[in-house]
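Take a moment with the sequence and the model below. Then we will walk through them step by step.

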Amino acid sequence: MSFVKPARPNSLSLRVLLAYVVGVILSILLMILAALVLTTWRSDAWLRADLAEYTRDLIEAVRFDDTGVPNGLAASEDGDRWIYESLKGETAYRVLDESGRTVLASAAGEGFWPSAESLQLVPGSFNFERGGIRMHSVVEPFEHGGRTWYFQFAASTRMLGFIYQEFTLPFMGAGVAIFSVLLLVVFGICAYVTLGYTLRPLRKLSEAATSISPRALHARLPTGAVPSEIAPMVHSFNRVLDRLEHGYRVQQEFLATAAHELKTPLALIRAQVELREEGEDRDALLGDVDHMTRQVQQLLLLAEASEVQNYSFATIDVQDVAQDVVAYLQRMAEVAHVRVTLSGSTSVARWQADRGALFTLLKNLLENAIQHAPRGTEVRVEVDAATVTVRDSGPGADPQQLSQMFSRFWRGAHRRDQGAGLGLAICREIALAHGWVLSAHGADPGLLLRLSENGASRA
């Protein structure tokens, strides 16, 4: 039993967005992990830095009396006096002068602090025990009025733990959640907009590439706004197009040159054969020469039809061209005992076209229909504002043959002459050069060939 491996998405935008989502998720997980580590493992160094920062904030709030002695804290910090009054056994602060004398203290008083003999006014942090509870303390010096003062702050281990567990951790979790949402939304929008702006040159390249065809080999992919990472590929593609155009031009020139060179020898051969006495050999040779001349003429038409610059576009009355074609092939239809009828709608069919090329296209379509139509039947040509149809009542074609009818050198099995199989190929080249659509359909009986303007026009 075989299993089909599911195809992976091949979208560059989707891959970049998936990489972004994975990166955001990993970043969020790392932030959560870091927050958990910081809240569950608080080193002494981190505590000392935290306490020192809070102590410096309190120093900024110290106020002095007229003699320059500290007498309280600013209103913003003094509003938290209830903390020091209610939790006198957990936290306290005081201000000392250079001699170690306390000039300002919180509600816990001097009994909170260790004895004066064990106290050294050295900036930094130290720990001490009070009633079996470990205290973390910080000493920060500051200058005012030309004197040095020392601010000392202390808090118990269990109070710091409570603050971290009940306040720091929830706020940190909320901060991580909010930041994660903002990261996902804001950066997601930025990534989407950036991708759209970055991939815009690629979409323009794709549109430019679709315009390149055998009838527009001069077109090249634009390189102005192409990202530097893609520019080498675009330049390489344009060089490939240069080589393809050169090869195509050489092929077309060879085809046209060969057709021109063959016309003169064939004319000379025909003249020499016509000088011979009448007989079966003479008629057979003239038939062969006519066949070869027709092939050469069709090769020349095919080479010319493939080049858009060979056309001169103007507004053409399609009904008028169709009438000229019917009149031109009337003798051929009479010889084949086929009736040709032309009909059209009341609307005027005026297309942008090269008149000579349109005449050749309609002539080839009608010739093909006459060659396949049974004796005594009718070939109908209908013209309306946007389409021209040619229908015969012949044997038609199998569905699988309909797609091959416009291929070069393909010939139907029921035609009367020995054509080269280039007539419908020439029609297709002319239609493509004008932006028209040429299609074949089974008519039961017969075959219907439809030429549609398809809304395209050229000037």
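The tour starts with confidence, then moves to a sheet, the cores, a helix pair and one glycine.

This is a predicted model, where local features need pLDDT of at least 70, side-chain atom pairs count only at pLDDT 80 or more, and totals for chains, interfaces and linings use all residues. Residues are numbered from 1 along each chain as its sequence is written, and side-chain values use heavy atoms, with hydrogens and water left out.

The mean pLDDT of the chain is 77 (pLDDT is the predictor's confidence in each residue, from 0 to 100). A value of 70 or more is reached by 71% of the residues. Over residues 1–7 the pLDDT stays under 50. That stretch has zero contacts beyond four places in sequence (contact means heavy atoms within 4.5 Å). Residues 455–459 also have pLDDT below 50, yet this stretch has 13 contacts in the model beyond near neighbours in sequence.

Now turn to the sheet. Five strands form an open sheet, in the order E4-E3-E7-E6-E5, with antiparallel pairing. Helices (H or I, at least four residues) and strands (E, at least two) are DSSP runs, numbered from the N terminus. Two strands pair if DSSP finds at least two bridges between them. Strand E4 (102–105) and E5 each have a single partner strand, so one side of each is left without a neighbour in the sheet. On average, neighbouring strands are turned by 25 degrees against each other, direction ignored.

Strand E5 covers residues 124–130 and strand E6 covers residues 133–144; seven bridges join them. Phe128 stands opposite Met135 in E6. Two residues lie between these strands in their hairpin, where Gly131 takes a positive phi near 65 degrees. E6 then pairs with strand E7 (residues 147–156) over 10 bridges. Here Phe142 faces Trp149 across the pair, and Val138 stands opposite Phe153. This hairpin also has two residues between its strands, and Gly145 in the turn has a positive phi of about 60 degrees.

Next, look inside. A nonpolar core is a set of buried Ala, Val, Leu, Ile, Met, Phe, Trp, Tyr and Cys residues joined through side-chain atoms within 4.5 Å. Buried means under 20% relative accessible area, exposed over 50%, and partly exposed in between (1.4 Å probe, protein chains only). Which residues touch the most other members of the largest core? They are Leu361, Leu362, Leu366 and Leu451, in a core of 45 residues. Several elements each supply at least two residues, including helix H8 (318–328), helix H10 (355–372) and strand E14 (447–452). H10 gives the largest share, eight residues. Not counting residues up to four places away in sequence, Leu362 touches Val321, Ala322, Val325, Val388 and Leu451. Another core, of 20 residues, lies apart from it, with Ile59, Val62, Tyr93 and Trp149 among them.

H10 also packs against H12, at an angle of about 145 degrees and with the axes 9 Å apart. Axes are lines fitted to C-alpha atoms, for helices over the stretch in contact, and angles run from 0 to 180 degrees between N-to-C directions. Residues making the contact include Leu361 and Leu365 of H10, and Ile426 and Ile430 of H12.

Finish at Gly344, in strand E9 (residues 339–344). Is Gly344 buried or partly exposed? It counts as partly exposed because its relative accessibility is 47%. Gly344 and Val383 are 39 residues apart in sequence, but 4.5 Å apart in space, C-alpha to C-alpha. Leaving aside neighbours within four places in sequence, Gly344 is in contact with Gln319 and Val383.
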